[in-house]
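I opened my notebook to look up how the inside of this chain is put together. Here is what I went through, entry by entry.

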Amino acid sequence: MLTDRHKAEIDDILSRYPVRRSALLPLLHLAQKEEGYVSDAAMKEIAAILRLTPPQVYETVTFYTMLSLKPVGTFHLQVCKSLMCALAGSDNLLGWLQARLGIKPGETTPDRLFTLSAVECLAACGTGPMMQVNEDYYERLTEEKVDRILADLKRDGTSPLKSGPFMWPEPASNKS
Ligand code: FES
């Protein structure tokens with residue numbers, strides 16, 4: 001049970017929100033970090049904690065592509081297929097990855113190293129085609145770069161070609 005293993009963290013998350021249900025995304029993130037995906041049991045448990053129904057939790061999980069309903073590989077490759085990346089060649093990139101890995105979007109390689117997904121805009125529209133691998137962004141991708149990234153990930157578990165994790169911009173200062 002999530003509550004048994006992470007009681008202090010869950011209490012801390014709940015204390016940050018005046019409205020209990022607002023803690024839904026952080027709790028789902030915690031569940032995914034724990035198991036690598038959001039299991040049925042975790043969804044039921046989170047629903048009980050937040051006094052929501054399991055379908056309310058389920059519909060949130062299915063809305064966000066960073067949350068997964070089934071186990072993913074060590075590296076979750078999420079290729080943006082939205083307009084700006086499509087214009088920059090994301091279809092070719094996805095095809096290249098499918099050929100290299102021998103899997104289609106939604107599938108995981110037999111060694112459970114890579115899961116491939118095609119996702120909607122990841123807010124890096126000016127630097128497409130791009131993909132997210134776990135928490136990291138890789139931008140202005142080419143077939144050569146993708147080959148190098150796959151080799152780096154297999155060998156080192158990371159690649160120097162990453163741009164870094166996605167960060168929301170800092171709010172503008174009110175000071176003049
Ligand atoms: S269209 Fe690909 S990141 Fe926005």
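I started with the largest nonpolar core, which has 21 residues. Leu77, Val79, Leu97, Met130 and Met131 have the most contacts inside it. I noted that such a core is a set of buried Ala, Val, Leu, Ile, Met, Phe, Trp, Tyr and Cys residues joined through C-beta atoms within 7 Å. Buried is 20 or more other C-beta atoms within 10 Å of a residue's own, exposed is 12 or fewer, and partly exposed is in between, with C-beta atoms placed from the backbone. At least two residues of this core come from each of strand E1 (75–80), helix H7 (90–101), strand E2 (114–119), strand E4 (136–138) and helix H8 (143–156). E1 gives the most, with four residues.

**Ground rules.** I'm looking at a predicted model, where local features need pLDDT of at least 70 and side-chain atom pairs count only at pLDDT 80 or more, while totals for chains, interfaces and linings use all residues. Residues are numbered from 1 along each chain as its sequence is written.

**The whole chain.** I found eight helices and five strands; these are DSSP runs (helices H or I, at least four residues; strands E, at least two), numbered from the N terminus. Buried residues make up 24% of the 176 residues.

**Leu141.** Where does leucine 141 sit? I found it in the loop between E4 and H8. Leucine 141 is buried, because 25 other C-beta atoms lie within 10 Å. Leaving aside neighbours within four places in sequence, leucine 141 is in contact (C-beta atoms, placed from the backbone, within 7 Å) with Leu93, Pro129, Met130, Met131 and Val146.

**H4 against H5.** Helix H4 (residues 40–50) and helix H5 (residues 54–63) pack at about 120°, with axes 8 Å apart. That makes H4 oblique to H5, since under 35 degrees is roughly parallel, over 145 roughly antiparallel, 65 to 115 roughly perpendicular and the rest oblique. Axes are lines fitted to C-alpha atoms, for helices over the stretch in contact, and angles run from 0 to 180 degrees between N-to-C directions. On the H4 side I listed Met43, Lys44, Ile46 and Ala47, and on the H5 side Pro54, Gln56, Val57, Tyr58 and Val61.

Technical notes:
Contact = placed C-beta atoms within 7 Å.
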